[in-house]
Structure formats: structure tokens, C-alpha cells
Amino acid sequence: MQTQTASSPKRISNKRSQDEKKTKKKKKKKASMAERADRHVLYEQAVQDPKTDVATLAKLYKKIRKKPARSFREDFCGTATLSTEWVKGGSDRTAYGVDLDLPTLEWGREHNIGSLDVLDAQRIELALGNVLTARGPKADLTAALNFSYCCLKERKQLLAYFKNARRNMTKDGLFFLDVLGGTETMGPDENRHDLDGFTYRWKQHCFDPLTHELYCTIAFFFSDGSKLAPAFEYDWRLWTMPELCDVLDEAGFSRTHRLWEKTDKKGNGTGRFYEPKRVENQESWWTYLVAEY
Ligand SMILES: C[S@@+](CC[C@H](N)C(=O)[O-])C[C@H]1O[C@@H](n2cnc3c(N)ncnc32)[C@H](O)[C@@H]1O
């Protein structure tokens, strides 16, 4: 007859629970790099350069208006990286950002505006709204960057947006858009860049020459084989420079400046822009279009 000591059952039950823990551990898969990643952090690292953008916008404003801009409006502001950078440039600078996606605005408020000192942060206001109708304080410098206006596919929508942008500008206001073009933007294409801990891919899936609709995605790939693909999707109309100028004119803007980036001897962009009469097309280019109130 087996005798059971008082301790035996305890030992058995302990062993069981340890075995259960081990099995549970095995079952609980380690989160992949993609699962642990924050797509806004990756986007900002891969796509944005707020320091350079803000410095260029401020410099161009001063060149055209012969005085510095103080108030900034960032339409389609997303995580408000430009507004955040703008207010860092002086205690007389204010920023107003508009976007219709609340989680994105909240991310920007926490991570970007949250990283500023209190006095700088107080000079930024973020508004949840549609740029076609959202009002706000009149701004010296309004920017809609990263080709965000391309999500407005109908001319009447674009016109409504430009009219509203103008309504929210001072009399000395300048409106900055960036424009994408070139032979390779009108068709499928992709490019990849290895960045710090991940690979960034920009992919143009299809382009319709009848409508100029362009469907693109951004994806991120990681060394453990995981991916965020797509991390962002863009269902755009690729507006051309003359179309944009016509709509700006119709919206009431008094003058447009079609800028082009100067290049060095190797053909690399220098970050300096000028206003040429004619340029040669390239495989892919982007530039600024500036409209005067
Ligand atoms: C391509 S992201 C641009 C983000 C940021 N401006 C940048 O430079 O990277 C486009 C943003 O526009 C916002 N958006 C799209 N349509 C909008 C609209 N009609 N009014 C306001 N925001 C809009 C989206 O929520 C998204 O955050």
C-alpha cells in the first residue's frame, strides 16, 4: 500500500502548474517587430523632415513678403509635425493644425506637442475638422504638404478647399502646396530605402491616364520577416501644375509662384528654390507651388 505523505500532493500540483506555465509560455508567441512598431513613428522617420520643411517655408515666405511669417496653419496636419517645429522657431510664432482623423491628432498631441516645453505647446491649437470647411485664426503661412490635397479628386472639391484655405489667410498670406510629377509618377513603380531598423517602401500600384487617379501605399518591413503592408494607403488624383494654378486663380489667389529646386553639379537637390520660366521634365520630381492671397 502506498503511503502518501502530506507533502506529495502539493509537490504534484506544483509540478503541474509549472508545466502549465511552460506550455502557456510556449503558446504565447512573442510579438513580432511589426506588432510592436508604431506606424506614426516609422512614417515620421521615413517620410518627414520637419526641420528642413519649416526652415524652407519660412525662408520662402520672407523672400516673397519681405518680412517673417508669424502665424502658421497646417492643413491635413496628421500628427502635426510641422506645427510642432514651427512654434519652436520663436515665441511670437503660433500654429493651427486641422485634420479629420481624431486618433492621428491625439497621437500628435501626445507625442509631438507633448514633447515641447509648456510655453511652446500653448501656442499650438489642433482642430478636428474638414479642410474644405474648417475655419480658424487667419494665418500668414498656410501649408498643405505631402500631396494631401490629392485625396480631393473632383475639381469642385479642390476649388472648395482652396477657397476655404484663402478665407483663413491674412492679406499678406501665402499658401504652400507641394506638387508631385514626372514620367515615372504616371505608372506602377516602387522604391525601397533601408532605414534605422526597418525598410520603407513607397509603391505606386496603378495609374489611370484617363482620370489621373493614382493608388499608392507605404509599407514597412522588418528583419524578423514581419511587415506593416500597407501601413498607409493613398487613393489620389495626380493634379498637374497647370490645373492647380487654374484652380488657385479661380479660388481668388492673386498670383502663383511655380518653384523648382536648384541642383548641384551631380544633379542632387540643394534645398534652394527658384522660379524658372521653363524646366525639363524628369522621371520623378516634387516641388513647391506658392499662392499669394
Ligand atoms: C498624407 S497624410 C499627411 C499628413 C501630414 N500633413 C504630412 O505631411 O505627412 C493626409 C492627412 O490628411 C487627413 N485628411 C484627409 N482628408 C482630409 C480633409 N478633408 N480634411 C482634413 N484632413 C483630411 C488625413 O486624416 C491624414 O492625416
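Q: What do buried, exposed and partly exposed mean here?
A: Buried means under 20% relative accessible area, exposed over 50%, and partly exposed in between, with a 1.4 Å probe and protein chains only. This is a predicted model, where local features need pLDDT of at least 70, side-chain atom pairs count only at pLDDT 80 or more, and totals for chains, interfaces and linings use all residues. Residues are numbered from 1 along each chain as its sequence is written, and side-chain values use heavy atoms, leaving out hydrogens and water.

Q: Is T81 buried or exposed?
A: T81 counts as buried because its relative accessibility is 6%.

Q: What is T81 in contact with, leaving aside neighbours within four places in sequence?
A: E44, Q48, P50, E74 and N112; contact means heavy atoms within 4.5 Å.

Q: Switching to the ligand, which residues are closest?
A: Y43, Q48, F76, D99 and N130 are the closest of the 16 residues that surround the ligand (a heavy atom within 4 Å).

Q: Which atom of the ligand does D99 lie 2.7 Å from?
A: An oxygen atom, reached from a polar side-chain atom of D99. With L100, a backbone N or O atom lies 3.2 Å from a ligand nitrogen atom. For V131 the backbone N or O atom is 3.0 Å from a nitrogen atom of the ligand.

Q: How much of the ligand does the protein cover?
A: 84% of the 600 Å² of accessible area that the ligand has on its own (Shrake-Rupley method, 1.4 Å probe).

Definitions and conventions: Polar contact = N/O pair within 3.5 Å; in protein donor to acceptor, adjacent residues only side chain to side chain.
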